[in-house]
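Subject: Structure for you

Hello,

Here is the structure I promised. Please open it first, then read my notes below.

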Amino acid sequence: MNKVKQQIHYCCDDTMKGNVRGQNVTVAVLDTGMAAHPDIKGRILAFYDCVSHRHGLYDDSGHGTHVGGIIAGSGALSQGRLAGIAPEANLAAVKVLDAKGEGDVMQIMEGIRWIRKNRSRYGIQVANISVGAKLGLDEEKERCLIQAVEMLWDDGITVIVSAGNYGPKEGSVTVPGNSRKVITVGALEEPGMKNICSGAGPTNRCIVKQEVVAPGYQVFSCNSLYRKNRIPYVSGTSMATPVVSGAAALFLSKYPGAANVEIKLKLRETCERQHNGKNQGWGILRVDRMLM
């Protein structure tokens with residue numbers, strides 16, 4: 001995470017001296033579930049399982065725990081060195097994917113309905129959706145899923161969605177990242193990447209996507225099997241998306257009354273275009289500028 005933070009200019013007066021750490025903000029994570037990792041344990045306010053309808057925290061894939069750590073890991077196992085972007089934010093874990101990272105549209109929509117129903121109860125202000133339906137999804141299902149995330153946005157929640165890993169061809173952004181309202185995140189192109197696969201726009205409705213890019217290559221974060229001391233480095237737009245969700249939590253921590261539209265506009269104003277970079281939307285996230 002230290003490399004990620006350098007790339008997004010994370011270290012600034014607000015994050016280092018101003019105590020802007022995501023406090024009083026809850027981020028809902030629609031993913032494979034979440035384990036009670038020491039870095040996030042105690043700040044997972046709710047868990048809802050749309051796959052098996054089990055009770056109690058679990059993550060049979062590890063993907064959701066990794067995403068949650070990027071957003072809100074405290075760095076407890078590393079004495080704070082490997083903390084996430086918003087290390088005092090709370091989480092609401094919504095399991096919509098199985099152990100293989102697969103799920104159907106109905107499960108994702110059930111998860112979205114749960115967030116809408118419980119947003120006030122748990123103070124949910126941001127929804128991280130590192131989930132994308134494969135290209136060629138049935139048109140009716142695509143319409144329903146896009147409508148669902150846009151209703152979430154209309155409720156005032158900042159919805160941040162991955163662009164998917166089916167790029168870099170035009171029109172390769174996955175559903176629901178092709179929604180005109182949500183903030184869609186791609187992975188920053190970096191030296192050493194073997195495949196540039198971050199989804200790219202425009203969509204079939206001529207909507208320019210993605211809005212922003214963030215580091216997504218070999219990102220270190222929490223591991224659901226942490227007791228076995230495995231090193232969790234993972235790559236993809238799924239890892240870039242929670243970097244932006246964490247930044248949104250920081251912004252809401254500093255400016256509690258901010259609307260999701262304000263956050264989207266602030267990203268557009270403060271992202272930095274990379275030289276010779278392709279498919280980068282407004283550019284790479286700059287936390288220092290965003291919090292000014």
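Start with two residues. Trp 114 and Tyr 122 are both buried. Buried means under 20% relative accessible area, exposed means over 50%, and partly exposed lies in between (1.4 Å probe, protein chains only). For Trp 114 the relative accessible area is 12%. The rings of Trp 114 and Tyr 122 have centres 5.8 Å apart and planes at 20°, so they are stacked.

A note on the source: this is a predicted model, where local features need pLDDT of at least 70, side-chain atom pairs count only at pLDDT 80 or more, and totals for chains, interfaces and linings use all residues. Residues are numbered from 1 along each chain as its sequence is written, and side-chain values use heavy atoms, with hydrogens and water left out.

Now the rings. The whole structure holds five aromatic pairs. Rings of Phe, Tyr and Trp (its six-membered ring) pair if their centres lie within 6.5 Å; planes under 30 degrees apart are stacked, over 60 edge-to-face, the rest tilted.

One of the pairs is Tyr 48 with Trp 114, stacked at 5.7 Å between centres and 15° between planes. Tyr 48 sits in strand E2 (residues 44–49) and Trp 114 in helix H4 (residues 105–122), so the pair ties together parts 66 residues apart in sequence. Helices (H or I, at least four residues) and strands (E, at least two) are DSSP runs, numbered from the N terminus. Tyr 48 is partly exposed, at 25% relative accessibility. Together, Tyr 48, Trp 114 and Tyr 122 make one aromatic cluster.

Best wishes
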